[in-house]
Amino acid sequence: MDMKEQAAGEKRVQVHLIDRLVRLGLVKPSGMTVAQFDVMLEEVRGKLAYMTELNLQALAEHVGNLAGGKNKDRFPIAAKILKWAADIQPPTDDASPLLRAVFAGELGRAAMAEDFGPELLVHVRRSRAWPKGHDMRFIRERAADARRRIAMIEENEGRGRSPSDEDERLRAGRARAAEKCRQIVRLVSEGVQ
């Protein structure tokens, strides 16, 4: 997203989310200074600039129904708003700092070298959290299973048998995910922020 798109996106967030919530009567969370609240809203504008107008309106409705405070008139904290936003419209992979960080470091290099990148990508997209030890065992096992299935598909094709629709979906989906991993690695190596 270039600077012009980012600015337009932030304006959309202001108009269709923040201004709408203010019109509904939501105010800053208690215990948060005005300066802290302003910083929080700036963060929300910046991180949600990728969202469409319709999805921002849906998010505003969702946030309005889950307002905090005793009188249900307080903005929820940014972490909650961002989580709900990702459920409504997940950010694109190239917009996710978490995915970039995962694939920029040692974990990403290992994933690409050892061919478990697609499963790592799927896991981080779903959990939106840095994978831990038990997650990594699960990711590596899923990758090994997928590689075995693909090898069997190719072996069967070598014998003249056509793959099932499910097998084709698995192979094509994993190939798309592997390409997405390569794109993220390229973005990181080019220093795209």
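Leaving aside neighbours within four places in sequence, Glu10 is in contact with Arg45, Gly46 and Ala49, where contact means heavy atoms within 4.5 Å. Glu10 is found in helix H1. With a relative accessible area of 29%, Glu10 is partly exposed; buried means under 20% relative accessible area, exposed means over 50%, and partly exposed lies in between (1.4 Å probe, protein chains only). Glu10 and Asn156 are 146 residues apart in sequence, and their C-alpha atoms are 52 Å apart in space.

Before we go on, a word about what you are looking at. This is a predicted model, in which local features need pLDDT of at least 70 and side-chain atom pairs count only at pLDDT 80 or more, while totals for chains, interfaces and linings use all residues. Residues are numbered from 1 along each chain as its sequence is written, and side-chain values use heavy atoms, with hydrogens and water left out.

Now step back to see the whole chain. It has 9 helices and 0 strands, where helices (H or I, at least four residues) and strands (E, at least two) are DSSP runs numbered from the N terminus. From the N terminus on, the elements run α-α-α-α-α-α-α-α-α. The radius of gyration is 21 Å, well over the 16 Å that the globule rule gives for 193 residues, so the chain is more spread out than a compact globule. That radius is taken over C-alpha atoms, and the rule is 2.2 Å times the number of residues to the power 0.38. Along its principal axes, the C-alpha trace spans about 65 × 35 × 35 Å. Of the 193 residues in the chain, 34% are buried. Among contacts between residues at least 6 apart in sequence, 68% join residues at least 24 apart.

Which helices do the buried residues of H4 pack against? They pack against helix H1 (3–23), helix H2 (34–47) and helix H3 (53–65). Helix H4 itself covers residues 78–88, and its buried residues are Ala78, Ile81, Trp84, Ala85 and Ala86.

Another packing to look at involves helix H5 (residues 97–104) and helix H9 (residues 165–189), which meet at an angle of about 85° with their axes 9 Å apart. Axes are lines fitted to C-alpha atoms, for helices over the stretch in contact, and angles run from 0 to 180 degrees between N-to-C directions. H5 and H9 are therefore roughly perpendicular to each other, a label for angles of 65 to 115 degrees (under 35 is roughly parallel, over 145 roughly antiparallel, and the rest oblique). On the H5 side, Leu99, Arg100, Phe103 and Ala104 meet Cys181, Ile184, Val185, Leu187 and Val188 in H9. The residues of this contact divide into 8 nonpolar, no polar and 1 charged. Here Ala, Val, Leu, Ile, Met, Phe, Trp, Tyr, Cys and Pro count as nonpolar, Asp, Glu, Lys and Arg as charged, and the others, Gly among them, as polar.

Finally, let us visit two loops. Most residues other than glycine have a negative phi. Asp115, in the loop between helix H6 (106–114) and helix H7 (117–127), has a positive phi of about 60° although it is not a glycine. Arg128 lies in the loop between H7 and helix H8 (133–158), and its phi is near 50°, also a positive value in a residue other than glycine. Asp115 counts as partly exposed at 31% relative accessibility, and Arg128 counts as partly exposed at 37%.
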